[in-house]
Amino acid sequence: MALFLSNNINSAVWKLKPSALRTTAAARFVRTENQRKYSSKAGEDSEYLHKSIVPTMHYQKSLPRLPVPKLEDTIRRYLAAQRPLLNDERYSKTEKLAHDFQNGIGKQLHEELVVQDKNNKHTSYISAPWFDMYLSARESVVLNFNPFMSFNPDSKPEYNDQLVRATNMVCSAVRFMKTLRAGLLEPEVFHLNPAKSNTDSFKKFIRWVPSSISWFGAYMVNAYPLDMSQYFRLFNSTRIPKPKRDELFTDNKGRHLLVMRRGNMYVFDAVDRDGNLVKPAEILSHLKYILADSTPAPAFPLGVLTSENRDVWAGLREKLLEAGNREALGLVDNALFCLCLDEEEMRDHIHISHNMLYGDGCNRWYDKSFSIILAKDGQAAVNFEHSWGDGVAVLRFQNEVFKDTTEKPLVGPGTQPAAVDSASAVRRLEFKLNAELQHGITKAQENFRAAVSRLTIDAMEFKQGGKEQLKKKKLSPDAIAQLAFQMGFLRQYGQTVATYESCSTAAFKHGRTETIRPASIHTQRCAQAFVQQPDQHSVEQLQGLLDATSKYHGQLTREAAMGQGFDRHLFALRYLASSKGMTLPSLYQDPAYAAINHNILSTSTLTSPAVSLGGFAPVVPDGFGVGYGVHDDWIGCNVSSYPTRDVHEFLRYVHKSLEDIFTVIEGKPLKSS
């Protein structure tokens, strides 16, 4: 019966309100966070953030499975995305290759993928290939993969002191870990009718529904549990470099924290032998001891090796093990997480972005599942390794830590450090480095500096309107932001290019992400009308183009949230062909396929009460990395580029585009530019 329901719900239930489930790379589940009503308060129990009535993983077993799209739908969507990028002649060639694939080898591969998926009902068809894609990548994780999300400052300035904030964040992070592992963390659920589903009475009912069917019980009251399979990788986890393909390592036995300062590495226990949080005043004492340590920065800082090419780093790690560093590296690998205490004060948002995205290369261990970075002035951020997860778990963690540290801090400016022997409790790790390893570190530093020196970051705030005004006009806020990027690029470079917007598929078991393709024939028509032909269109015509663009973007968003994009399906078919040793089908050899996957505009959106801004580097040398948020009455962008692109000019044009869009929304004619 459950299987029958699952099959039918997969095809039907998501048609109800799929747009509500739509998220992006950093997972827009902040709406869940904003509306979350905890089942019980933490009370005087300092070990847990809260105690959920419903067990954390209660819904996991009955989550619906990620559907494999129909091949004909995938090809139709693929060609629709290619249309604005190609002239008629090139499009005709791509169209023929796509239909040949659909009726030939693609059909065979698709049938095999469907059979394979049916034989692996415990997971999703994209999970293993996606892990493999990340772990097989040989580029440095710095700039290429690791993003950052910075915390908003504490509203109480005295709690932004580096030592106080670091202590509170460590305590809250450990409390989150303990709450998660005890099964007491509130499950991640999107409530469409919270008055019915986000109540103690419903939770007391649903906890007794067997986990094999619990998802359906939530669905009956318009609540949608989300996949939490990535959460276990948050703590005690590290990406281990290996030749050709890295490995993910998790060891829950580690009770210690890894702390980095001036490139030196320290460990101390944050959890005691009984599994309890070490007293906050003791953690305060240990961190104070580390901040006061006069040990100079090492001449050969080991952390920079984690910024290297993965094969190079794999070779050097073997040399480190051979040189007698196995025990010290083991302590790094199974540490709860990494805390980076920086010595610089942040000048502005741009400085924060550079520091939290990559820093100096020496005071980081980029391979840890996540690092909390604290600047000298208490500015804080999370930088995370991307292979193990898509930001869903990280954002939930960040929201919970921010809420806990700001509402229930365990230490304050007046807290006295415990009278403990921190000199004995804290261990500074020392590594044996031969000439070859020293040379490798020096070379890694040179490569790191060369890479990050090419990155430019700039930010923009548009204060003339935001989400509220757009929704009143029945326009999708995300569609308008994406249109502004298309208009800005068209104004700057005179063309439409491949654009990527990530959408979480965490509504499905082991879902990862799907791609929304914001560059469409609708955005192209609209952008051309605004940028190149404003005099040829009335205000009403321009409003009509905005409406059509918004509706089509909404359709793409709904499809992606339901696992009905084309990117992951084509990726899985290509992966299957490769695993079988087949000649690469012609579709994948088409220059147009390479071009649409050369994402010049790589975009991700995020709004959260905990997060000030987020950012990442471009995914291609001639691209932009566009982090953005559409707020109630303003729109913000944090954008990166390499020297082939002018990020400052791009943002000026995006701002101009938003001005024009809001002018038309208000029913006013555009001024000639």
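Colleague: Which residue lies over the face of Tyr493?

Modeller: Keep in mind that this is a predicted model. The distance to the ring centre of Tyr493 is 4.4 Å, and a charge counts as sitting over a ring when it is within 6 Å of the centre and within 35 degrees of the ring normal. The residue there is Arg645.

Colleague: And how far from the ring centre of Tyr91 is the charged end of Arg83?

Modeller: Here the charged end of Arg83 sits over the ring of Tyr91. Its distance from the ring centre is 4.3 Å.

Colleague: Now for ring pairs. How many aromatic pairs turn up in the whole structure?

Modeller: Rings pair if their centres lie within 6.5 Å. Searching the whole structure that way gives a total of 25.

Colleague: Is the pair of Tyr78 and Tyr593 stacked, tilted or edge-to-face?

Modeller: The two ring centres are 6.2 Å apart, with 50 degrees between the planes. Under 30 degrees would be stacked and over 60 edge-to-face, so the rest get the name in between. This pair is tilted.

Colleague: How many residues apart are Tyr78 and Tyr593?

Modeller: Tyr78 belongs to helix H4 and Tyr593 to helix H25, so to speak distant parts of the chain. The pair links them across a separation of 515 residues.

Colleague: Is Tyr593 buried or exposed?

Modeller: Its relative accessible area is 8%.

Note on methods. Residues numbered from 1 in each chain as written. Predicted model: local features only at pLDDT ≥ 70, side-chain atom pairs only at ≥ 80, totals over all residues. Heavy atoms only, no water. Phe/Tyr/Trp six-rings, centres within 6.5 Å; stacked < 30°, edge-to-face > 60°. Helix = DSSP H or I, 4+ residues; strand = E, 2+ residues; numbered from the N terminus. Buried < 20%, exposed > 50% of the residue type's maximum accessible area, 1.4 Å probe, protein only.
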